[in-house]
Every structure is written in structure tokens, then in C-alpha cells.
Amino acid sequence: MQSVLAYGRLLARALLGSSLRRSDRREYRLITAACGFGKDRGKGPGYGDDACFVAAHRLADVIGVADGVGGWWDYGVDPSQFSTTLMQTCERLVHEGLFAPSNPVGILVDSYKEMLQNKVPLLGSSTACLVILDREKHCLYTANLGDSGFLIVRDGRIIHRSDEQQHYFNTPFQLAIAPPEAQGSVLNDSPETAEGFTFNMEVGDIILTATDGLFDNMTDYMILQQLRRMKDSNYDSLKQTVKNIAEQAQQLAYDPNYMSPFAQRACDNGLNVQGGKPDDITVLLSVVTENKE
């Protein structure tokens, strides 16, 4: 009789343990919608010198934004080629599984290394921000180089905001490939200097990732006001909300009477600036969901 009871207790523990393991293995995923506008509104839809990607892998969901440095136009170089190639390379590495979910900096390092090894160097420079949700660990891992960035919103309030990396006002950290004669005179930061961050996520958390064209023109309060109008966490609702955010940022960017966040920082640095800051604007809006499969 005792052996039967002991066996029953062992079986109950095994079933309970199995149930807990199944519960622990539930996966989180990101639903993401994107919207953006180029600085030159006459050119129609597009991201201008910005670039972005959204990639799904069995281990993680990965998103990224990059802002090509516009000054390269003065040298006959299209800045969008650098930022676009950087993001495309990051996306390919994710799809091929050549990454660790806990190491977004590693994706930047490997992507930049590939670009350096091209037989014909692609000249230019760019900021970059990568965000990875580990589906099983429910952790967010990020890497931010420069003045693009992200917000995490939970229960209607911002619980984390990435920090900008600036050499000095309006001169962000950036990855660069310069011609031999210009090396040393072009800012070029190592991808390893990207700021990393880890955060435990919950279902319903919102992640907003964007280039500086958004953050230079909209305050956190304005962004939260738009997010509070979001009716649902499905893709259609995300798509409409991210469109509203990008459109408001674009409108404010061309308002000469608006004291934008960029203008306020310029004044703090002794510059007499007012109005919005016309710029390329790229916004990715993501929500954490639980995989029901």
C-alpha cells in the first residue's frame, strides 16, 4: 500500500513539474507596424536616408532602425545606401540564425564587419538601434548607437527610455566607412560602444523604436497621448497608431512657431533656434503578445 501511495505522489509531482515546464515554455512575440517619411516631402512615400527592418526567428523577434548621416550628400554619396545596407545585413544575419538573442551588439559588430570587407567599400555613416525579444526568456535586449532610440511603455506610462549617445550637440555616435584620404577626419565609432540594455517584458508592453526625426519633434507626453488612443493590440490598430504618430511628427517638424524638443536642446546649448526640425522620420511600434499556438 505504501509503495502504491509513494508511486502516486511521484506521479503527481512529475505531472505538476511537466505542467510548470509547459507553462514556463510559453512564448512571447512581437507584433510590429512601421511608418516613416522622408525629409523631402515632394519625393512621396519612403524613409529618406533612414532605414529599418522587422525580422522573425524561432528564437526571437528582432527590429532595427538606422539613420544615414545626411552630410554625405555634400560629397556625392547617397546616405540611404549605407543605412539600408546596414539594416539589410542585420536582417539577413537574423534570418540565417547567425546571432544570439542576448547579444544585439554582436549583430551590429558582424554586420559592420561585413560592410568593411566588401570589395567595393560602401561609403557613408549611420546611427543604429536594435531591439530583440527573446521569445522563451521573455527578455528584451537592445543596442543603441547614436541618437535613434526606443521607449518601453507599460500601463500607459514610460518605464524605460534609451539614452542618446552624442559627441556634442547634434553630433551623434555613428558607424562610418570613409575613403582612405578622409579617414581620421570622419567620425567613426566602434559598434562595441553601442549602449546595451536588458529588461523583463510582460504581455501588453509597448515598444516604440524610432530615429531622431521623431524624438526631435515630439515630446514623450505627445507620444503617450497617441498611444492611449490605440484601440487594440492587433496589427491594424498598431498600423493606424504608428501612422498617426509619424504624421504628427512630420507636421510639427515644419511648424516654424513650435518649440520642439530639438529647439529646446539647441537653446540649452546657446543657440537661438525655434520651430520643428525637418528630418527623415521612421517609427516602429511593437506590442508584446503571448503565442497561442
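# A buried aspartate and the core around it

Reader: In which loop is aspartate 189 found?
Author: This is a predicted model. Aspartate 189 sits in the loop between β10 (175–177) and β11 (195–200).

Reader: Which side chain of opposite charge is nearest to aspartate 189, and how far away is it?
Author: Side chains of opposite charge can pair when their charged atoms come close. Aspartate 189 is buried but has no salt bridge. The cut-off for a salt bridge is 4 Å. The nearest side chain of opposite charge belongs to lysine 277, at 16 Å.

Reader: With which side chain does the side chain of aspartate 189 make a polar contact?
Author: Leave out residues up to four places away in sequence, and aspartate 189 touches Leu145, His167, Pro172, Phe173, Gln174 and Leu175. The polar contact of its side chain spans 2.9 Å. The partner is the side chain of histidine 167.

Reader: How many helices and strands does the protein chain have, and what share of its residues is buried?
Author: The protein chain has seven helices and 13 strands. Its length is 293 residues. The buried share is 50%.

Reader: Among contacts between residues at least 6 apart in sequence, what share joins residues at least 24 apart?
Author: The figure concerns contacts within the protein chain. Pairs at least 24 apart make up 72%.

Reader: Is leucine 140 buried or exposed?
Author: Leucine 140 lies in strand β5 (residues 139–145). Beyond four places in sequence, its contacts include Val131, Ile152, Phe197, Phe199 and Ile207. Its relative accessibility is 0%, and buried means under 20%, so leucine 140 counts as buried.

Reader: What distance separates the C-alpha atoms of leucine 140 and isoleucine 152?
Author: Isoleucine 152 is among the residues that leucine 140 touches. The two are 12 residues apart along the chain. Their C-alpha atoms are separated by 10.0 Å.

Reader: Which residues form one aromatic cluster?
Author: The count of aromatic pairs is four. In one of them, phenylalanine 197 and phenylalanine 199 are stacked, with 5.6 Å centre to centre and 20° between the planes. The cluster consists of Phe150, Phe197 and Phe199.

Reader: Which residues of helix α5 are buried, and against which elements do they pack?
Author: Helix α5 covers residues 220–228. Its buried residues are Met222, Ile223, Leu224, Gln226 and Leu227. They pack against β6 (149–154), β7 (157–161), β12 (206–210), α4 (212–215), α6 (235–253) and β13 (281–290).

Reader: How many residues apart in sequence are the parts tied together by arginine 161 and aspartate 220?
Author: The side chains of arginine 161 and aspartate 220 meet in a salt bridge of 3.1 Å, N to O. Arginine 161 lies in strand β7 and aspartate 220 in helix α5, so the pair ties together parts whose separation is 59 residues.

Reader: Over the face of which ring does arginine 161 lie?
Author: Arginine 161 is partly exposed, with a relative accessible area of 31%. It sits 4.9 Å from the ring centre. The ring is that of phenylalanine 215.

Reader: Which residues are linked with Lys277 in a network of salt bridges?
Author: Lysine 277 is buried, with a relative accessible area of 15%. It lies over the face of phenylalanine 262, at 5.2 Å from the ring centre. The network links Lys277 with Asp216, Arg265 and Asp279.

Note on methods
Residues numbered from 1 in each chain as written. Predicted model: local features only at pLDDT ≥ 70, side-chain atom pairs only at ≥ 80, totals over all residues. Heavy atoms only, no water. Helix = DSSP H or I, 4+ residues; strand = E, 2+ residues; numbered from the N terminus. Buried < 20%, exposed > 50% of the residue type's maximum accessible area, 1.4 Å probe, protein only. Lys, Arg positive; Asp, Glu negative; His and termini not counted. Polar contact = N/O pair within 3.5 Å; in protein donor to acceptor, adjacent residues only side chain to side chain. Contact = heavy atoms within 4.5 Å. Phe/Tyr/Trp six-rings, centres within 6.5 Å; stacked < 30°, edge-to-face > 60°. Lys NZ or Arg CZ within 6 Å of the ring centre and 35° of its normal.
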